[in-house]
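Morning, everyone. I'd like to walk you through one model today. Please have a look at the structure first.

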Amino acid sequence: MHFLLTPVGSSGDVHPYVGIGAVLRARGHQVTLLAAEPHRPVAERAGLEFGALNSAEEYHAATLDPDLWHPRRGLAKVMTLVASGLEAGWRQLEAHYRPGHTILVGHPLAFVTRCFEEKSGAPAATLHLAPSSLRTAYRVPAFPPHVDISGWPLPLKRAFWAVVDRLSVDPLIVPALNRFRAERGLAPVR
């Protein structure tokens with residue numbers, strides 16, 4: 001089996017995928033990591049094939065951007081970077097995918113992986129590295145400034161997530177994502 005791993009982010013996001021890839025490789029599978037160029041050496045040391053999604057210069061410019069680390073502007077910067085990588089991600093997925101032999105393993109922000117899964121019918125899984133990235137209305141993570149809404153009634157917590165999506169997340173990624181999806185004949189999403 002061939003596993004295409006699509007982490008999104010910095011070393012803290014990529015290294016767990018490399019570790020999983022190394023275990024899959026040790027079990028006899030072919031593994032390709034699709035990530036930013038600076039992650040090539042660690043992937044290759046682990047025996048993984050590698051596909052660059054962007055250059056070292058682009059990666060370093062993104063990670064050195066102060067907005068990426070800003071508590072209010074960070075999410076917008078992350079979504080801008082995710083949107084800017086959709087085309088390169090699609091090209092790499094097309095180049096490495098072999099129908100009937102490939103399984104996609106994507107980061108929760110690897111929207112391109114989900115689109116490719118939908119278009120190609122490829123089997124896929126999302127690998128969550130941080131419990132805080134799991135959407136739940138039951139045990140909700142505390143939000144700054146240490147606000148815990150876990151005690152709220154269930155309908156109110158569900159409404160909270162709907163408002164977060166509609167007002168904070170969707171405006172940052174949905175327009176670019178839906179343009180990308182439309183170019184591939186996929187229905188719009190929220």
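One caution before that. This is a predicted model. Everything I quote is computed from it.

Start with helices H6 and H7. H6 covers residues 111–120 and H7 covers residues 154–183. They pack at an angle of about 30°. Their axes are 11 Å apart. The crossing of H6 past H7 is right-handed. Who makes the contact? On the H6 side, Phe111, Val112, Cys115 and Glu118. On the H7 side, Ile173, Leu177, Phe180 and Arg181. Sorted by class, that contact has 6 nonpolar residues, 2 charged and no polar.

An α-helix has 3.6 residues a turn, so residues three or four places apart point the same way. Keep that in mind for the contact lists.

Next, H5 against H7. These axes come within 11 Å and cross at roughly 40°. This crossing is right-handed. From H5 we have Leu86, Glu87 and Trp90. They meet Ala176, Leu177, Phe180 and Glu183 of H7. By class, the H5 and H7 contact has 5 nonpolar residues, 2 charged and no polar. Note Leu177 and Phe180.

H4 runs over residues 74–84. Its buried residues are Gly74, Met79, Val82 and Ala83. What do the buried residues of H4 pack against? They pack against H5, H6 and H7.

Now the aromatics. How many aromatic pairs does the structure hold? It holds 5. I'll show two, and Trp90 is in both.

The pair to begin with is Trp90 with Phe116. The geometry is edge-to-face, with 5.0 Å centre to centre and 70° between the planes. Trp90 is in helix H5, residues 86–96, and Phe116 is in helix H6. They are 26 residues apart, and the pair links distant parts of the chain. Are these residues buried or exposed? Trp90 has 7% relative accessibility, so it counts as buried. Phe116 has a relative accessible area of 5%, so it is buried as well.

Then Trp90 with Phe180. This pair is edge-to-face too: 5.7 Å centre to centre, 75° between the planes. It joins H5 to H7 across 90 residues of sequence. Both Trp90 and Phe180 are buried.

Trp90, Tyr97, Phe116 and Phe180 form one aromatic cluster. The charged end of Arg184 sits over the ring of Trp90, 4.9 Å from the ring centre.

On to single positions. Gly89 is in helix H5. Its relative accessibility is 4%, so Gly89 counts as buried. Beyond its sequence neighbours within four places, Gly89 contacts Leu53 and Val112. Gly89 and Ala35 are 54 residues apart in sequence, yet 8.7 Å apart in space, C-alpha to C-alpha.

Thr6 is next, in strand E1, residues 2–6. Which side of the cut-off does Thr6 fall on? Its relative accessible area is 6%, so Thr6 is buried. Leaving out neighbours within four places in sequence, Thr6 is in contact with Leu34, Leu93, Val105, Gly106, His107, Ala110 and Thr113.

Pro188 is in the segment after H7. Its relative accessible area is 68%, so Pro188 is exposed. Apart from residues up to four places away in sequence, Pro188 touches Asn178 and Arg181. Pro188 and Ile20 are 168 residues apart in sequence and 32 Å apart in space, C-alpha to C-alpha.

Pro131 is in the loop between strand E5 and H7. At 69% relative accessibility, Pro131 counts as exposed. Pro131 and Pro141 are 10 residues apart in sequence and 8.4 Å apart in space, C-alpha to C-alpha.

To recap: the buried residues of H4 pack against H5, H6 and H7, and Trp90 in H5 pairs with Phe116 in H6 and with Phe180 in H7. Thank you.

Notes:
Residues are numbered from 1 along each chain as its sequence is written. This is a predicted model: local features need pLDDT of at least 70, side-chain atom pairs count only at pLDDT 80 or more; totals for chains, interfaces and linings use all residues. Side-chain values use heavy atoms; hydrogens and water are left out. Helices (H or I, at least four residues) and strands (E, at least two) are DSSP runs, numbered from the N terminus. Buried means under 20% relative accessible area, exposed over 50%, partly exposed in between (1.4 Å probe, protein chains only). Contact means heavy atoms within 4.5 Å. Axes are lines fitted to C-alpha atoms, for helices over the stretch in contact, and angles run from 0 to 180 degrees between N-to-C directions. A crossing is left-handed if the near helix is turned anticlockwise from the far one by less than a right angle, and right-handed if clockwise. Ala, Val, Leu, Ile, Met, Phe, Trp, Tyr, Cys and Pro count as nonpolar, Asp, Glu, Lys and Arg as charged, and the others, Gly among them, as polar. Rings of Phe, Tyr and Trp (its six-membered ring) pair if their centres lie within 6.5 Å; planes under 30 degrees apart count as stacked, over 60 as edge-to-face and the rest as tilted. A charge sits over a ring if NZ of Lys or CZ of Arg is within 6 Å of the ring centre and within 35 degrees of the ring normal.
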